[in-house]
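Let's walk through a protein structure together, one stop at a time. Keep the sequence and the 3D view side by side as you read.

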Amino acid sequence: MRCAWGLLSVLFPAIVFARIPPLLRQLTSSDRLALGPAAQSARSQELKPRTATADRVVKSVCPYCAVGCGQNVYVTDERVVHIEGDPDSPISRGRLCPRGSSSLSLVTSPTRQTKALYRAPHATDWETIDLERAMDMIADRVIATRARTWQERGEDGGLLRRTLGFAHLGGATLDNEENYLIKKCFSALGAVAIENQARI
C-alpha cells in the first residue's frame with residue numbers, strides 16, 4: 001500500500017497530497033512523528049512567513065518591563081511588519097512573554113500618538129505642537145521650577161542644596177548608560193526623588 005501511495009504521490013503530487021487523510025500520510029511516509037510533511041495540508045504548504053518579505057531586521061529591546069528581552073524587528077518599506085524574540089539575546093534567548101509578543105500592535109496601532117500635544121492652562125482642547133517646541137517648554141519649566149523651589153539651607157541652617165519641585169521616573173527601555181546619565185543629570189539639578197522602573 002505504501003508503494004501505491006508513493007507512486008501516486010510522484011505522478012500526481014498536489015492531488016494525492018490534498019486527498020490523503022493526515023493519519024494515513026503519517027503512517028505511509030517516513031515522517032512517522034508527523035513533525036513535517038505528514039502534518040501539512042495543501043494550504044499550509046503554500047503559506048510563507050511574514051518575515052520572508054522583510055527588507056531588513058533591526059535589533060531592539062522589548063518596551064514593556066524591566067527584563068530587557070531582545071527583539072528582532074522586521075521592516076518592509078520602512079514599516080514594521082513583524083516582531084519576534086531575538087535568539088541572540090542572552091536574556092530571553094528568543095522568547096517573548098505574551099505582552100512582548102504583542103509589541104507589533106503597540107507600533108502599528110491606529111490610536112498611537114505620534115505627535116506632541118499641548119493643552120494650555122484652562123483650555124479644553126489639545127493642540128498639536130512640534131517636538132522642538134515641546135522640548136523647549138519642558139526645559140523652561142524645569143529651570144523655572146528649580147529656581148522657584150530651590151532650598152539652599154534647611155531650617156536649622158544645614159546645607160541642603162536641593163529641590164523638591166520635580167522628580168524623575170526612568171524607564172526600562174533605556175539602557176544602563178542612558179539611565180546612569182539621567183540619574184547624574186537630575187542629581188546635578190538638585191532633584192531628590194529619582195526612581196527607575198527597573199530599579200537599576
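Helices (H or I, at least four residues) and strands (E, at least two) are DSSP runs, and both are numbered from the N terminus. What you see is a predicted model, in which local features need pLDDT of at least 70 and side-chain atom pairs count only at pLDDT 80 or more, while totals for chains, interfaces and linings use all residues. Residues are numbered from 1 along each chain as its sequence is written, and side-chain values use heavy atoms, with hydrogens and water left out.

Is Ser103 buried or exposed? We call a residue buried under 20% relative accessible area, exposed over 50%, and partly exposed in between (1.4 Å probe, protein chains only). Ser103 has a relative accessible area of 2%, so this residue is buried. Contact means heavy atoms within 4.5 Å. Setting aside neighbours within four places in sequence, Ser103 is in contact with Cys62, Pro63, Tyr64, Gln71 and Ile83.

How many disulfides does the structure hold? A disulfide is a pair of cysteine sulfur atoms within 2.5 Å, and the structure holds zero of them. Take Cys97: its closest cysteine sulfur is in Cys62, 5.9 Å away, which is too far for a bond. Cys97 is partly exposed, at 42% relative accessibility, whereas Cys69 is buried at 17%.

Next, find helix H7 (residues 131–149). Its 19 residues reach 27 Å from the first C-alpha to the last, close to the 27 Å expected at 1.5 Å a residue; the expected span is 1.5 Å times one less than the number of residues. Where do the buried residues of H7 lie? They are Ala134, Met137 and Thr145. Seen down the axis of H7, these buried residues fall within an arc of 60°, so they line one face of the helix. The arc is that of the directions from the helix axis to the C-beta atoms. The buried residues of H7 pack against strand E4 (116–118), strand E5 (127–129) and E7. On the other side of H7, the exposed residues are Glu132, Asp140, Ile143 and Ala147.

Now for some rings. Arg146 lies over the face of Trp150, at 4.4 Å from the ring centre. A charge sits over a ring if NZ of Lys or CZ of Arg is within 6 Å of the ring centre and within 35 degrees of the ring normal. Rings can also pair with each other: those of Phe, Tyr and Trp (its six-membered ring) pair if their centres lie within 6.5 Å, and planes under 30 degrees apart count as stacked, over 60 as edge-to-face and the rest as tilted. The structure holds one aromatic pair. The rings of Phe166 and Phe186 have centres 6.1 Å apart and planes at 75°, so this pair is edge-to-face. Phe166 lies in the loop between strand E7 (159–163) and strand E8 (168–170), and Phe186 in helix H8 (residues 176–189), so the pair ties together parts that are 20 residues apart in sequence. Phe166 is buried at 14% relative accessibility, and Phe186 is buried at 17%.

Our last stop is the backbone. Glu78 has a phi near 60°, a positive value in a residue other than glycine. Glu78 sits in the loop between strand E2 (70–76) and strand E3 (79–85) and is exposed at 63%. Arg161, in strand E7, has a positive phi of about 45° although it is not a glycine.
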